Amino acid sequence: MDCNRQLVLTPEQLEEPCLAVQAGMMGELDQAVSEDLDHGALTMDISQAYKSDHLAQELHSKLGSADAPLGWEWSEGQLRFQGCLYIPNQEILHLQVIHNFHNHPSTGHFREARTSDLIHWNFHWPGLRQMVKDYVASCTTCARAKSPRHKPYGKLKQLPIPSRPWSSISMDFIEQLPASKGFSAILIVVN
Ligand SMILES: [Zn+2]
């Protein structure tokens, strides 16, 4: 019997609607992951922080009026931008959200883009992606456990030894020093 002639997927299964269903299932899986995370205490802290957040207070007074900004809404004491919960401008809250998604056992230290996407589906604050990038870059667990994905760096090479004095020199300035007798820079010459 010729096993290579056995169909694995029929032409109908390979059509677009089937792929769309699979994509939808992926979305549900991601949703389940985010809902598993412990956000109870965090949500309380966020609601408290709204009281001292400039943007939240400004939007609170504007929403409902004629010049209300698009995409923002207050519902059940929470400020949302395009459905995502707005996190007030407090670094400790931002770090807590990133920590919950990046370090949580169910997510397991995803890389920058994946961590960023997971957070972005539920939360919003200006500079979110850059902060996630910095956080993941400084994560010690990732640094120990993940191998680098760039080409290996070149090896350091020693400069050739000059044949005589002053055949090779380098010069540089140290600038922006505090002024001393009117001077604020030093010229360095290395022979
Ligand atoms: Zn990590």
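Residue numbers start from 1 along each chain, following the sequence as written. Because the model is predicted, local features need pLDDT of at least 70 and side-chain atom pairs count only at pLDDT 80 or more, while totals for chains, interfaces and linings use all residues.

The chain has seven helices and six strands, where helices (H or I, at least four residues) and strands (E, at least two) are DSSP runs numbered from the N terminus. Read from the N terminus, the order is α-α-α-β-β-β-α-α-β-α-α-β-β.

β1 (residues 72–75) and β2 (residues 78–81) run antiparallel to each other and share four bridges. Together they make a hairpin with two residues between the strands, and E76 in the turn takes a positive phi of about 50°. Across this pair, W74 is opposite L79 in β2.

Now for the core. The largest nonpolar core holds 14 residues, and I87, V97, I98, F101, I119 and V132 touch the most other members. Such a core is a set of buried Ala, Val, Leu, Ile, Met, Phe, Trp, Tyr and Cys residues joined through C-beta atoms within 7 Å. Two or more of its residues come from each of α4 (91–102), α5 (112–120) and α6 (128–137). Beyond neighbours within four places in sequence, I119 contacts V97, I98, F101, L128 and V132.

The axes of α4 and α5 come within 10 Å and cross at roughly 115°; axes are lines fitted to C-alpha atoms, for helices over the stretch in contact, with angles from 0 to 180 degrees between N-to-C directions. V97, I98, F101 and H102 of α4 make the contact with T115, L118 and I119 of α5. Buried in α5 are T115, S116, L118 and I119. These residues span an arc of only 160° around the axis, which puts them on the same side of α5; the arc is taken over directions from the helix axis to the C-beta atoms. S116 counts as buried because it has 22 C-beta neighbours inside 10 Å. Leaving out residues up to four places away in sequence, S116 touches R129 and V132. S116 and V132 are 16 residues apart in sequence, yet their C-alpha atoms are 6.1 Å apart.

In α6, the buried residues are V132, Y135 and V136. They fall within an arc of 95° seen down the helix axis, so they line one face of α6. Their cover includes α4, α5 and α7 (140–145). Exposed Q130 and A137 are on the face of α6 turned away from its buried side.

Definitions and conventions: Pairing = 2+ DSSP bridges. Buried ≥ 20, exposed ≤ 12 C-beta atoms within 10 Å, placed from the backbone. Contact = placed C-beta atoms within 7 Å.
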